[in-house]
Structure formats: C-alpha cells, structure tokens
Amino acid sequence: NDGVYSLNIITYDRAENSNLNTKTESGTINFTLDRTNPVISANVKTGQTINAANFDVQFEIADANLDAETIEVVLIDRKGNEKAIDKAKIEALGKNEFKFNVGSGLNYSIKVKAKDLAGNTSEIYSVEELTISTNICYSS
C-alpha cells in the first residue's frame with residue numbers, strides 16, 4: 001500500500017552477536033511508497049461562459065507528494081494553436097492550489113497536467129470551449 005515506511009536492518013553473526021544498521025543516525029531507513037497519480041480539479045468546466053474582462057482559473061492537484069515544478073498549463077485557441085503558460089505566471093495559493101489569469105475575448109481550451117515526486121503522472125485535466133468575454137449575447 002502507499003504510505004511512509006521504516007526499515008530497520010539488524011545483522012547477526014554465527015556467535016549471535018547483533019548489529020543495527022548505522023547508515024543513518026537512528027539506525028532506521030525511512031521511505032515512501034507512492035503509486036497514486038495526482039488528480040486535478042478546477043473552477044471551470046467545459047462549455048462555460050464567464051462575463052469578465054479577465055478571469056483567474058484556479059485548480060487544485062490532489063497528491064501528497066506533488067512536484068509543483070512539473071505543472072504544465074496549455075491554452076489552445078479555436079484554431080488549435082497551443083500556448084504554454086509561463087510557469088512564473090502560475091501562482092501558488094496554498095498547498096497544491098494554484099491559479100493563472102486569462103484575458104477576455106477568446107474562446108479557450110485548457111489542459112493542465114502534473115507529476116509527483118515518485119514520477120506518477122496525472123491524467124490531463126481538460127476544459128473545452130471556455131469563453132471569457134465582456135460582450136456576451138444571450139438569445140431568448
């Protein structure tokens with residue numbers, strides 16, 4: 001199972017003398033077993049229209065061992081052109097919570113992915129047809 005484990009190694013000779021592993025100060029080796037992929041959720045959904053000049057897309061990545069340096073956010077315009085969001089523009093809000101800003105006037109698709117420290121990769125979180133605009137027309 002995933003979790004944090006401790007390992008003590010004791011060696012014995014033929015005379016039954018014992019020796020505790022001394023490679024670490026306490027004689028204990030600690031390690032984490034992590035086979036769980038990060039899970040991403042966000043404050044936007046496919047087909048959503050937001051009436052705003054700009055908007056902060058917030059997302060959370062559920063993972064105890066997230067490697068925040070591996071987060072990738074890509075915006076895709078209607079023509080399929082992809083543009084990666086500069087990592088410096090992805091702001092940390094708290095543990096495993098982040099945001100980035102998108103301007104109005106465009107229809108976006110967004111993809112977010114990440115890895116944890118064990119190398120497990122998230123499924124790509126994808127939002128299609130997100131519209132940010134101050135010029136929204138509703139038909140009745």
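**Exercise 1. Find how many bridges join β7 to β11, and in which sense the two strands run.**

Step 1. In this predicted model, locate strand β7 at residues 54–62 and strand β11 at residues 97–103.

Step 2. Count the links: β7 and β11 are joined by seven bridges, and the two strands run antiparallel.

Step 3. Pick out one example to look at: V57 stands opposite F100 in β11.

**Exercise 2. Work out the strand order of the open sheet and name its edge strands.**

Step 1. Let's continue from β11 to β10. These strands pair in the antiparallel sense over three bridges. Here E91 has K99 of β11 as its bridge partner.

Step 2. Now look at how the chain gets from β10 to β11. The two form a hairpin with two residues between them. In the turn, N96 has a positive phi of about 65 degrees.

**Exercise 3. Decide whether the rings of F59 and F98 are stacked or tilted, and say where the two residues lie.**

Step 1. Check the distance. The ring centres of F59 and F98 are 5.6 Å apart, and rings pair if their centres lie within 6.5 Å.

Step 2. Check the angle. Planes under 30 degrees apart count as stacked; those of F59 and F98 are at 25 degrees, so this pair is stacked.

Step 3. Place the residues. F59 belongs to strand β7 and F98 to strand β11, so their pair ties together parts that are 39 residues apart in sequence.

Step 4. F59 and F98 are both buried, and together with F100 they form one aromatic cluster.

**Exercise 4. Describe the aromatic pair of Y5 and F31, and decide whether each residue is buried or partly exposed.**

Step 1. The model has three aromatic pairs. In one of them, Y5 and F31 are stacked, at 5.7 Å centre to centre with 20 degrees between the planes.

Step 2. Find both partners: Y5 sits in strand β1 (residues 3–8) and F31 in strand β4 (residues 28–33). The pair links distant parts of the chain, 26 residues apart.

Step 3. Buried means under 20% and exposed over 50%. Y5 has 33% relative accessibility, so Y5 counts as partly exposed. F31, with a relative accessible area of 40%, is also partly exposed.

Note on methods: Residues numbered from 1 in each chain as written. Predicted model: local features only at pLDDT ≥ 70, side-chain atom pairs only at ≥ 80, totals over all residues. Heavy atoms only, no water. Pairing = 2+ DSSP bridges. Helix = DSSP H or I, 4+ residues; strand = E, 2+ residues; numbered from the N terminus. Phe/Tyr/Trp six-rings, centres within 6.5 Å; stacked < 30°, edge-to-face > 60°. Buried < 20%, exposed > 50% of the residue type's maximum accessible area, 1.4 Å probe, protein only.
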